[in-house]
Amino acid sequence: MHTARILTATACVAAAALTLTAPMASADTLATPASGHGITVTGMTRVEGLQRTWEVTMTDPAVDATYATLDHSLRVRITLPEGYASSGRSYPTLYLLHGQDAGADQWTTSGDAEQITAGRDVIVVTPEGGKAGWYTDWVNDGAHRQDWEQFHVRDLVPWVDDSFRTLASKEHRAIGGLSMGGYGALHYAFAHPDTYGHVSAYSPAADTEDQAIRTAVVGSVTLQGMGLGDGPFGSPVWPFDGAWKAANPVRHADQLRGTSISLYAGDGLGSDPLESNLIERFAGNSTHTLAKTLAAQGIPHYWEMYGHDVSAGGYTCTGGHNWGCWKMSFSKDIGRIMNAIG
């Protein structure tokens, strides 16, 4: 009898200890956010294998997700800071945009976003951006509406601010991304200077008037079955390439004045396969063009050409277009991001 009581009491104490130490245990009952701002929420689940990340499924008339995304759905992942459920506090927000042929899960499954932001008081939002959405309202989307800028900036940002305890102002909101998403972050930052206080771009397609970048964009859209003059920016051929110029971060670098800026890229000269090295060289060249333009206009920014075969934050980077380099960049950059918006 006494032994049974002791065992029962011990089990209760152990269970209580687990409850106290398990991250976000009380957030298992986090309520599904309401619909609004053009977004219709269809569900929310805790992401298996992660401690602080939830996935929200939704629809938005701005995007035909069944055509544009890997799994034919519109998803957004939300990584909440430790103690969010019980703190009652409001937090700054960091939006992270994925690359080509990826989805809303890329930053949390491949990019260690939850691990790298551990201990940081920030809400991380990783939205769906399409297989080749290019983070803009498409010039010609045929029968499949692709207004990604409408979804991400005009709909998603206010929906997140209504649904979670955010510090809902430019000063406490950052955006970042890799490759295609790095371009998207720069595009949104200059096109909406009152929305984001900081922008980070890792190996971005920063110059849409660079012919190598145009070729990459056209190739990515062609793989989705679109014609040469279709897609996010329309025809790349002069004099019909006005949309490419209008959406070019280099051409509109002056609109980044007043925004905190971080730029990272490699030289593509490491031990990666030739294809990845070439892609990173193109990205590095276009990022260098943007950095020179910012410098010429006296716009403060941080630009790191990290070369190749380097390590930081527990990550090793060959200098190619890959996750070793992007995770290294993000781990080095997170402190700068938090200083800007925290």
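Is R75 buried or exposed? Select R75: at 10% relative accessibility, R75 counts as buried (buried means under 20% relative accessible area, exposed over 50%, partly exposed in between, with a 1.4 Å probe and protein chains only).

Before you click on, note that this is a predicted model, where local features need pLDDT of at least 70, side-chain atom pairs count only at pLDDT 80 or more, and totals for chains, interfaces and linings use all residues. Residues are numbered from 1 along each chain as its sequence is written, and side-chain values use heavy atoms, with hydrogens and water left out.

R75 and D71 form a salt bridge, their closest N and O atoms 3.3 Å apart (a salt bridge is a side-chain nitrogen of Lys or Arg within 4 Å of a carboxyl oxygen of Asp or Glu). The structure holds 16 salt bridges.

Next, pick K332 and E304, whose side chains meet at 2.4 Å, N to O, in another salt bridge. This pair links distant parts of the chain, 28 residues apart: K332 sits in helix α11 (residues 323-341) and E304 in strand β9 (residues 302-307) (helices, H or I of at least four residues, and strands, E of at least two, are DSSP runs numbered from the N terminus). K332 is partly exposed at 34%, while E304 is buried at 13%.

Last stop: K245 and D241, a salt bridge with the closest N and O atoms 3.8 Å apart. Here K245 is partly exposed at 24% and D241 is buried at 5%.
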